Amino acid sequence: DSTIHDIFPMELYHWTPLAFAPAFGVLSGASAGGRVATPTNLVTGHLVTISYAVVKACTKQKWGHAFKIKTLMSCSVLASTFAGALTGAGVLKCMFDDGTH
């Protein structure tokens with residue numbers, strides 16, 4: 001069995017935040033500017049939970065019942081956020097088809 005250490009050596013773990021930084025930057029920029037104008041803490045915690053779930057899955061760590069529920073809730077919140085954003089964009093597109101919004 002291969003582990004995450006075979007793919008991602010321990011020496012590179014301190015660079016992990018650098019890999020996630022662009023995603024959080026995009027999230028922050030998209031939500032703070034324009035019409036949304038919402039603080040990023042509404043979704044950031046859920047992204048962190050999902051990231052921990054990915055790490056636990058890659059390292060084959062056991063998931064407790066509470067962590068499973070928390071991860072499921074975070075996935076639901078993130079999916080709902082994207083669905084809401086797409087719905088809002090669709091409504092705006094239909095209302096302002098000339099691109100003036």
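I started at Val77, which lies in helix α4. Helices here are DSSP runs of H or I with at least four residues, strands are runs of E with at least two, and both are numbered from the N terminus. Val77 counts as partly exposed because its relative accessibility is 27%. My cut-offs for that: buried is under 20% relative accessible area, exposed is over 50%, and partly exposed is in between, with a 1.4 Å probe and protein chains only.

Before going on, I noted the ground rules. This is a predicted model, so local features need pLDDT of at least 70 and side-chain atom pairs count only at pLDDT 80 or more, while totals for chains, interfaces and linings use all residues. Residues are numbered from 1 along each chain as its sequence is written, and side-chain values use heavy atoms, with hydrogens and water left out.

**Val77 and His46**

I looked up the distance from Val77 to His46: the two are 31 residues apart in sequence, and 7.4 Å separates their C-alpha atoms. His46 sits in helix α3. It is buried, as its relative accessible area is 17%. I then listed what His46 is in contact with (heavy atoms within 4.5 Å). Setting aside neighbours within four places in sequence, I got Met73, Ser74 and Val77.

**Leu78**

Next I went to Leu78, also placed in helix α4. Buried or exposed, I asked of Leu78? Buried, because its relative accessible area is 15%. Not counting residues up to four places away in sequence, Leu78 touches Val43, Leu47 and Ile50. I checked Val43 by C-alpha too: it is 35 residues from Leu78 along the chain, and the two atoms are separated by 6.8 Å.

**Thr49 and Phe67**

Thr49 is in helix α3, and I have it down as buried because its relative accessible area is 7%. With neighbours within four places in sequence left aside, Thr49 is in contact with Phe67, Lys70, Thr71 and Ser74. Thr49 and Phe67 are 18 residues apart in sequence, and I read 8.8 Å between their C-alpha atoms.

Phe67 itself counts as buried, since its relative accessibility is 16%. I found Lys56 over the face of Phe67, 4.2 Å from the ring centre. The test I used for a charge over a ring: NZ of Lys or CZ of Arg is within 6 Å of the ring centre and within 35 degrees of the ring normal.

Rings of Phe, Tyr and Trp (its six-membered ring) pair if their centres lie within 6.5 Å; planes under 30 degrees apart count as stacked, over 60 as edge-to-face and the rest as tilted. The count came to 1 aromatic pair. That is Trp63 with Phe67: the ring centres are 5.2 Å apart and the planes are at 90 degrees, so I call the pair edge-to-face. Trp63 counts as partly exposed, because its relative accessibility is 30%.

**Lys60**

Most residues other than glycine have a negative phi. Lys60 is not a glycine, yet I read a positive phi of about 55 degrees for it. Where is Lys60? It is in the loop between α3 (44-58) and α4 (65-95). Lys60 counts as exposed because its relative accessibility is 56%.

**The chain as a whole**

I counted 4 helices and 0 strands in the protein chain. Of its 101 residues, 11% count as buried. Among contacts between residues at least 6 apart in sequence, I noted that 39% join residues at least 24 apart.

Last, confidence. The pLDDT is the predictor's confidence in each residue, from 0 to 100. Its mean for the protein chain is 77, and 66% of the residues reach 70 or more. I found the lowest confidence in helix α1 (residues 4-7), at a mean of 65, and the highest in α3, at 88.
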